[in-house]
Amino acid sequence: MVKLNKIYTRTGDDGTTALVSGPRRAKHDLRVESYGTVDETNSAIGVARLHTSDLTELDAMLFRIQNDLFDLGADLATPDTGEVLSYEPLRIVEAQVTRVENEIDALNADLPALTSFVLPGGTPAAAYLHLARTISRRAERQMVELALIEGETVSPAALKYINRLSDFLFVAARSANDATKAEMPDILWVPGQNR
């Protein structure tokens, strides 16, 4: 159980932060950047959810995603070093990836086929979901780069999860626009329109 009584500790005043497993890293360390960008994604989804309360099923999916993103942050903040820990570290598992895939399929089943790329926008919910999607893509790029560094680990399930997340957010944005299609349908890219 997490218990936070004191918010500031002053231990980060030197430009470092502690990983869950104890070691300190520079605040610009790629692992810290990765879980920081996952947190940024979560915050963007929180803003999107200000506009999804009337989209009950989608809002429930986004709430589950937000909880998963804290799991992902904990996973990234506890690198698997092979060291025996006194606790079971929280890890993203395949079941979470599968659930996101199933939710993508459920949302996408009711959407019209695309005839062009979609420009970010439409309803406020869709616009914020597109923003969250692009932030999650940045997190994915950072996590992939981290996984390629010798001595660093990122679990395959965590990499799958962050990859599926951007797909989910794309379909979620389309779903948010489709739910109000009379007012704000997807905005389609028209190649070369302004030449």
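Helices are DSSP runs of H or I with at least four residues, strands are runs of E with at least two, and both are numbered from the N terminus. The model shown here is predicted.

**Figure 1. The whole protein and its elements.** Five helices and four strands make up the protein. Read from the N terminus, the order is β-β-α-α-α-β-α-α-β. The C-alpha trace spans about 55 × 40 × 30 Å along its principal axes.

**Figure 2. Helix 1 against helix 2.** Two packed helices are described by the angle between their axes and the distance between the axes. Here the angle is about 165°, and the axes of helix 1 and helix 2 lie 9 Å apart. An angle over 145 degrees counts as roughly antiparallel, so helix 1 is roughly antiparallel to helix 2. The crossing is left-handed. Helix 1 brings Arg31, Ser34, Tyr35, Val38, Thr41, Asn42, Ile45, Gly46 and Arg49 to the contact. Helix 2 answers with Asp59, Leu62, Phe63, Ile65, Gln66, Leu69, Phe70, Leu72, Gly73 and Leu76. Sorted by class, this contact of helix 1 with helix 2 has ten nonpolar, six polar and three charged residues.

**Figure 3. Helix 2 against helix 5.** Helix 2 covers residues 56-76, and helix 5 covers residues 156-178. Their axes come within 12 Å and cross at roughly 155°. Helix 2 is therefore roughly antiparallel to helix 5. This crossing of helix 2 and helix 5 is left-handed. From helix 2, the residues in contact are Leu58, Met61, Leu62, Ile65, Asp68, Leu69, Leu72 and Asp75. They meet Ala158, Tyr161, Ile162, Leu165, Phe168, Leu169, Ala172 and Ala176 of helix 5. The contact of helix 2 with helix 5 holds 14 nonpolar residues, no polar ones and two charged ones.

**Figure 4. Helix 3 against helix 5.** Helix 3 spans residues 94-109. The axes of helix 3 and helix 5 come within 9 Å and cross at roughly 20°. Helix 3 is therefore roughly parallel to helix 5. The crossing of helix 3 and helix 5 is left-handed. On the helix 3 side, look for Glu94, Gln96, Val97, Arg99, Val100, Glu101, Glu103, Ile104, Leu107 and Asn108. On the helix 5 side are Ala157, Lys160, Tyr161, Arg164, Asp167, Phe168, Val171, Ala172, Arg174 and Ser175. The contact of helix 3 with helix 5 divides into nine nonpolar, three polar and eight charged residues.

**Figure 5. The largest pocket.** Rolling a probe the size of a water molecule over the atoms shows where empty space is left. The largest pocket has a volume of about 410 Å³. It is lined by 16 residues, of which Tyr35, Phe70, Gly73, Ala74 and Ala77 are the closest to its centre. Which elements each supply at least two residues of the lining? They are strand 1 (16-18), helix 1 (30-49) and helix 2. By class, the lining of the largest pocket has ten nonpolar, four polar and two charged residues.

Terms used
Residues numbered from 1 in each chain as written. Predicted model: local features only at pLDDT ≥ 70, side-chain atom pairs only at ≥ 80, totals over all residues. Heavy atoms only, no water. Axes fitted to C-alpha atoms, helices over the stretch in contact; angles between N-to-C directions. Parallel < 35°, antiparallel > 145°, perpendicular 65-115°, else oblique. Left-handed = near helix turned anticlockwise from the far one by under 90°. Contact = heavy atoms within 4.5 Å. Nonpolar A, V, L, I, M, F, W, Y, C, P; charged D, E, K, R; others polar. 1 Å grid on protein atoms, 1.4 Å probe; cavity = no way out; pocket = protein on both sides within 12 Å on 5 of 7 lines; lining within 4 Å. Points joined across faces, edges and corners; volume = space filled by probe spheres on them.
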